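Please read it alongside the sequence and the coordinates.

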Amino acid sequence: MRRQITWLALAQVLAIANGAAAMADTVVQETTTTTIGGTPVITSSSSEMSMDVKKGVQYKFKERLGDLKEKISVAEAKGWMNNAQASAFQAEAEKLMNDTSAAELAGWPKDQVDALEKCVTKLNADVATASSN
């Protein structure tokens, strides 16, 4: 008994700079023929089509900023920083939230992502420093 499988696959992948968006279409067709002594006994075929569309890269800036805002509130409540410090940090976090939304709407341009990464990391370090003094 011999089994022959034929695959036909078509894949198209479109990637836009910085991985901002990707789209993939896949069509797969499979034909299986089982033969005994050179005579086809069973032939079956199936096909599958799938489409995967991604509308942007998922950055975690909003989650990180949300966590930072919570840390600021806890630090203020425990007396690790005063009200003025907490207010300034909360305002900076809110500004960065707005910047994140703008970058997301623009399709995550590299320069904006890099700037956000620096600013969020700096804010995190500043909050940690203020909380430990």
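In this predicted model, the buried residues of helix H3 are Val-113, Leu-116, Val-120, Leu-123, Val-127, Ala-130 and Ser-131. They pack against two other helices, H1 (61-77) and H2 (83-105). H3 itself covers residues 110-132.

**Overall architecture**

The protein comprises three helices and three strands, which follow one another along the sequence in the pattern β-β-β-α-α-α. Of its 133 residues, 20% count as buried. Among contacts with a separation of 6 or more, 56% are between residues 24 or more positions apart.

**Helix pairs involving H3**

| Pair | Angle | Distance between axes |
|---|---|---|
| H1 and H3 | about 15 degrees | 11 Å |
| H2 and H3 | about 165 degrees | 11 Å |

Angles under 35 degrees count as roughly parallel, and the angle between H1 and H3 is about 15 degrees; H1 and H3 are therefore roughly parallel to each other. Their crossing is left-handed. On the H1 side, the residues that meet H3 are Phe-61, Arg-64, Leu-65, Leu-68, Lys-71, Ile-72 and Ala-75. Their counterparts in H3 include Val-113, Leu-116, Glu-117, Val-120 and Thr-121, as well as Leu-123, Asn-124, Val-127 and Ser-131.

For the second pair, the cut-off for a roughly antiparallel arrangement is an angle over 145 degrees. With an angle of about 165 degrees, H2 and H3 are therefore roughly antiparallel to each other. H2 also passes H3 in a left-handed crossing. H2 contributes Gln-85, Phe-89, Glu-92, Ala-93, Leu-96, Asp-99, Thr-100, Ala-102 and Ala-103 to this contact, while H3 contributes Gln-112, Leu-116, Cys-119, Val-120, Leu-123, Asp-126, Val-127 and Ala-130.

H2 has 23 residues and spans 33 Å from its first C-alpha to its last, close to the 33 Å expected at 1.5 Å a residue. In H2, the buried positions are Ala-86, Phe-89, Ala-93, Leu-96, Met-97, Thr-100 and Ala-103. Their cover includes H1 and H3.

Ala-91 is also found in H2, but it counts as partly exposed, at 47% relative accessibility.

The loop between H2 and H3 contains Trp-108. This residue has a phi near 60 degrees, a positive value in a residue other than glycine. Buried means under 20% relative accessible area; at 7% relative accessibility, Trp-108 counts as buried.

**Confidence of the prediction**

The average pLDDT of the protein is 77, and 58% of the residues score at least 70. Over residues 6-25 the pLDDT is below 50, and this stretch has 43 contacts in the model beyond near neighbours in sequence. The pLDDT also stays under 50 over residues 52-56, for which the model has nine contacts beyond four places in sequence. Where pLDDT is low, the predicted coordinates should not be read in detail.

Note on methods:
Residues numbered from 1 in each chain as written. Predicted model: local features only at pLDDT ≥ 70, side-chain atom pairs only at ≥ 80, totals over all residues. Heavy atoms only, no water. Helix = DSSP H or I, 4+ residues; strand = E, 2+ residues; numbered from the N terminus. Expected span 1.5 Å × (residues − 1). Buried < 20%, exposed > 50% of the residue type's maximum accessible area, 1.4 Å probe, protein only. Contact = heavy atoms within 4.5 Å. pLDDT = per-residue confidence, 0-100. Axes fitted to C-alpha atoms, helices over the stretch in contact; angles between N-to-C directions. Parallel < 35°, antiparallel > 145°, perpendicular 65-115°, else oblique. Left-handed = near helix turned anticlockwise from the far one by under 90°.
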